[in-house]
Protein chains: 2
Amino acid sequence: IDAHDDATLRAEMEELYPADISGILYELDTDAARYLLALLDKKVGSEILTNLEVIDRREFLQSFTSEELAHYVDEMDSDDAVDLLNEQPIQTREEVIALLSDREQARFILDLLHYDEDVAGGLMQKELIKINLNTTVNQCIEEIRQQAENVENVYSVYVIDDADKLLGRVSLKKIVLARKNAKIADIYEEDVIFVETYRPVQEVAEVMQRYDLDAVPVVNVQGRLLGQITIDDVVDVITEQAELDIQAITGITGDVEEEDDTIWKLVGARLPWLIAGAVGSLMAATVINNFNTQLSKIAALAAFIPIIGSTGGNVGIQTASLIVQGLAEKSGLSATVGQRLAKMVLVALVNGLIIGSLAGSYCLLIGEPRLVPVVSLALLAVVLLASFMGTITPIALNRFGINPAIASGPFITTVNDLIGIGVYFLIASLVLSI
Amino acid sequence: IDAHDDATLRAEMEELYPADISGILYELDTDAARYLLALLDKKVGSEILTNLEVIDRREFLQSFTSEELAHYVDEMDSDDAVDLLNEQPIQTREEVIALLSDREQARFILDLLHYDEDVAGGLMQKELIKINLNTTVNQCIEEIRQQAENVENVYSVYVIDDADKLLGRVSLKKIVLARKNAKIADIYEEDVIFVETYRPVQEVAEVMQRYDLDAVPVVNVQGRLLGQITIDDVVDVITEQAELDIQAITGITGDVEEEDDTIWKLVGARLPWLIAGAVGSLMAATVINNFNTQLSKIAALAAFIPIIGSTGGNVGIQTASLIVQGLAEKSGLSATVGQRLAKMVLVALVNGLIIGSLAGSYCLLIGEPRLVPVVSLALLAVVLLASFMGTITPIALNRFGINPAIASGPFITTVNDLIGIGVYFLIASLVLSI
């Protein structure tokens, strides 16, 4: 690359898939990456830009003029083009749209910019193949020839009426196998699963997984066919949602990556929950300090502070994560909150008794028999309370439209820590009458 | 259903998609479900069985005879058939295979039974459309007509030579648009991404996501085309992996569901990590007990046990989850362990100083100025140690082929709890000379 040996580079790049060239770009500095991209075919270049990670792409494209951007955006699928433009400042966005030489693409993009990222409309692409009900297979093939240029993967051909209303679909397989003069009206399938533009992307992902679809048509409220969502975009949604859930559980805020982001960004992503946890623990410290006199009498009481905290935290996280999983699946009839609580209480009782006896035996082992009832009772209570919190917190968050996975994270451990310590010392002062 | 009104039920079921009927079956008891299934078309019935969750399916099918099973297995895609048979006892499995009326299906299944579930061979289906290089488009369409009956979604037609070696692919779009007498050799694409039978499924999922593929052909070491993997199976792999990661993080062992499983199963899924956590905390209790005399002198020391434990746990989980995420992405060059550690130390220093000052100020607030250096120093040390553990644990687990997500779970909190308590009391006795 340093030698600027255009011919060799071009030949080498031709051997590679765009996704692989994207990988190479990550390892180059901005100038080298721009040089390499300029060498490539416009179509390949636009695919590479589509593949780049959002954060890197935004940075990389800062040095591009609107003309250069338009050059690549012209070649993209409309949904990818909109994603890229949404990352740009408004002025650049409008300049690029004005500069597009493919006016149909410009119209597609303007249509799609209306939609939020998290509904079906924001995920769909305008490129698709549609055919009027009254055409023959032969005319259909001619239409495919004309429309197919823009459409990367043809999954099926959508059948519409004169008002653009979605009526059904014909698979390419059927078209290949049909007689040339057969009517589309006679061979198309009326049963077609579609989604409305306003459906949340999570719902779209569920529908596509449930019915094993490769692509799903998107319609507006009047049933007019507006676009389609393909499975590759949905796979990205599923992967992203899983990452978000894991970040919520592990107490990381914002989308950061350990390798790519700066130290300040990484600190910022961790601090909120660390501070929340610290504040919660300092509240627990205040509780403990109130039992100062009891502690100086029986110092061994302090030894069980960790098991109270960790058991409460672990039970809370386990319970919450099972509830979150249940909420996400929505399969069949959901159990009522009451039924969930009843089952939870039983499971907690068994677990609490086992952990309580374990800790009770330890008390005997270290020669503190008077602590046996305190520690085992406290643990049983902690397991029950933690299970209760782990059950209701995600359900409550979900009702308020907050990602319930947060409930499996530091929030629940902090709250349970605090509750647990309070219960422990309360039981201690009651049982030991100190 | 109770009225056994066959005609009405059949008519109603015809309105529904198989995936929806599966949902209904979950709400029926076994006898009603069997009755309903028997009413349905064989093809629809086999799709429904394919859609059922593994645990429910195993239970439901226990009452089926091998003949009945064979009846449905005949109609399934070979990969789904193998999944279902693998859940049955060996005797049933062999009986069913012997009873299949579709002998090609039986051969397909026997081929696929060799492969482990977690490699490409275990995920592939034998159904696909392949065509010899030397045929014309017209012959190709004829071949599709013959082969397509078994193939649900035709993504593309694979091109092979006389020895069944994979040479490339032709999209259905190209076939639709090509002249009838064109040679396949002239229109097919040589660049085709494939996977070998022995590739881990995770790798297959990555390849398909990276190149946005709907289907990928599977070849053996000699390059012979053996089957294909379709995107819907890979979506299932991705979803399952995400669920496994979340279970590992939240300390749940085994695949349980809060709504469906029995209380004993739920208890069993939680107990291992609860007990591990309890044992860790009791080891911490032993450490604390060793500092009994110091504690009775300065009872306020006990108040900071929770913040030491929770900060260590939270930092450890955060760090580990970012490292796990980095390990999973493998994008570009991976940073070395040294580089990761250096960055981690800096982030930990900043976070440790902030949390340390916060807790230090609290000491002043409660009128314990002598504890300021102890608590802040201990927290700084805890954050550093927890970050270190959070960095090396997942990397080490990953090297030994264990799911590194485990490192973001109760394991790391337990270990960090123990280390933290030790460090805290050590610093306390050094600084306060008690």
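I first located A:Asp41, which sits in the loop between α3 (30–39) and α4 (42–51) of chain A; helices (H or I, at least four residues) and strands (E, at least two) are DSSP runs, numbered from the N terminus. I note that this is a predicted model, where local features need pLDDT of at least 70, side-chain atom pairs count only at pLDDT 80 or more, and totals for chains, interfaces and linings use all residues. Residues are numbered from 1 along each chain as its sequence is written, chains are lettered from A and ligands numbered from 1 in the order in which they are written, and side-chain values use heavy atoms, without hydrogens and water.

I looked up the exposure of A:Asp41 and found it partly exposed, at a relative accessible area of 46% (buried is under 20%, exposed over 50%, partly exposed in between, with a 1.4 Å probe and protein chains only).

I then turned to the sheet in chain B. Three strands form an open sheet of mixed pairing, in the order β4-β5-β6. Its edge strands, β4 (195–196) and β6 (225–230), each pair on one side only. I recorded that β4(B) pairs with β5 (residues 215–219) of chain B in the parallel sense, over two bridges (strands pair if DSSP finds at least two bridges between them). B:Val195 has B:Val218 in β5(B) as its bridge partner.

Last, I checked backbone angles. A:Asp164 has a positive phi of about 70° although it is not a glycine, and its place is the loop between β2 (156–160) and β3 (166–171) of chain A. B:Asp164 also has a positive phi of about 70°. B:Asp164 is buried, with a relative accessible area of 19%.
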